[in-house]
Amino acid sequence: MRMANFRSSYGARRLALGVFLLVLLGFFLLPHQLQTMFQGLGGPVGWVLSWPIRMVSSIEGGIGEAWHRYFALQGVEDENRRLKKEIEQLQGQNSQLREAASATERLTALLEFKAQALPAMVAAQVIGRNTDNWYRTIILNKGSSDGIRPDMGVITSAGVVGRVVKTTVATSVVLLVSDPNNAIAGLIQRTRDEGIVEGTTEGLARLKYIPLLSNVRSGDHVVTSGLVGGFPRGLAIGTITRIDKEEGALFQLAEVRPEVDVTRVEEVLVLQSSYAADEESLGPGLPAVKAKP
């Protein structure tokens, strides 16, 4: 009898354990269905049984939501990486477009200037630059094969850049207006006084041989006189910024700020016509003007 009770108790525990495992498994696999079923039972028992199922369901929902967010964040990270690459490409293209627009604007200004009543000119690009204390020069991508020869004037739409001093078949070297070895015949536009514009070691220019009686003053514009060298009359050279009048000197001296920023020029025009004049035509007191490369 005692053996039968023991077997009966053992079987009941196994049955209870099986039911418990089934319910526990159902909690995790079918929480919503079990919750609905226990809620359908109603009463305190149904509420007590459905409460842990709600917890399991809530945990499952939270895990599922976190999992979806994780995959969503992975997608956002990939999209962010792709967008960064696109932004870098667009920034590079934007930089190239800005550079092209700037070059187009400069070339348009040169073409409009070239269309004026000026002699034959060759457009060239600056491919090299030397602005040390010995010689301030630039190198152009056009040479003798393009009809360029030494002593030809070089300008932009803003004014005088310098003078060609050396050519090869495909390149030209231009001595800048700011080089102390350069010299260009200049004219003070307001007073009509003539002189010689030379470069200075500071990268500026100065107008020499201004008559003592001239009433030149700061702010006066200096242009090419057209008497000597490879420039016609009237091209802008620079603006007078200071007058030096030494006691006992035969001439006045003026500091000139070049009209063209020769350190940044990128495209130029080379004047192919010759404006050179004989020294006899210069008149008394005005020395011959020659570049001294």
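Hi everyone, and thanks for coming. First, the ground rules. What we have is a predicted model, where local features need pLDDT of at least 70, side-chain atom pairs count only at pLDDT 80 or more, and totals for chains, interfaces and linings use all residues. Residues are numbered from 1 along each chain as its sequence is written, and side-chain values use heavy atoms, with hydrogens and water left out.

Let's start with the barrel. Six strands make a closed barrel in the order S6-S7-S8-S11-S10-S9, with antiparallel pairing. From one strand to the next, the twist averages 40 degrees. For that angle, axes are lines fitted to C-alpha atoms, and angles run from 0 to 180 degrees between N-to-C directions. Helices (H or I, at least four residues) and strands (E, at least two) are DSSP runs, numbered from the N terminus. Two strands count as paired if DSSP finds at least two bridges between them.

Now to strand S12. How many of the residues of S12 are buried? Five of the five, across residues 267–271, so the strand is largely enclosed by the rest of the structure. Here buried means under 20% relative accessible area, exposed means over 50%, and partly exposed is in between, with a 1.4 Å probe and protein chains only. In a regular strand, side chains alternate between the two faces of the sheet. In S12, Glu267, Leu269 and Leu271 lie on one side and Val268 and Val270 on the other, and both faces are covered. Strand S3, residues 153–155, runs antiparallel to S12 and is joined to it by two bridges. There, isoleucine 155 stands opposite leucine 269.

Alanine 123, in strand S1 (residues 121–131), is partly exposed at 36% relative accessible area. Beyond its neighbours within four places in sequence, alanine 123 is in contact (heavy atoms within 4.5 Å) with Lys142, Val268 and Leu269. Threonine 156 belongs to the loop between S3 and strand S4 (160–167). Is threonine 156 buried or exposed? Buried, with a relative accessible area of 8%. Its contacts, again leaving aside neighbours within four places, include Val260, Glu267 and Val268. The C-alpha atoms of alanine 123 and threonine 156 are separated by 9.5 Å, with the two residues 33 apart along the chain.

On to charges. The structure holds 11 salt bridges, each a side-chain nitrogen of Lys or Arg within 4 Å of a carboxyl oxygen of Asp or Glu. Glutamate 77 and arginine 81 form one of them, at 3.2 Å, N to O. Why are these two about one helical turn apart? Because they are four residues apart in helix H3, residues 43–114. Glu77 and Arg81 also belong to a salt-bridge network with Asp78. Arginine 82 and glutamate 79 make another bridge, at 2.3 Å, N to O. Aspartate 261 is partly exposed at 40%, while arginine 264 is exposed at 65%.

That's my tour, so over to you for questions!
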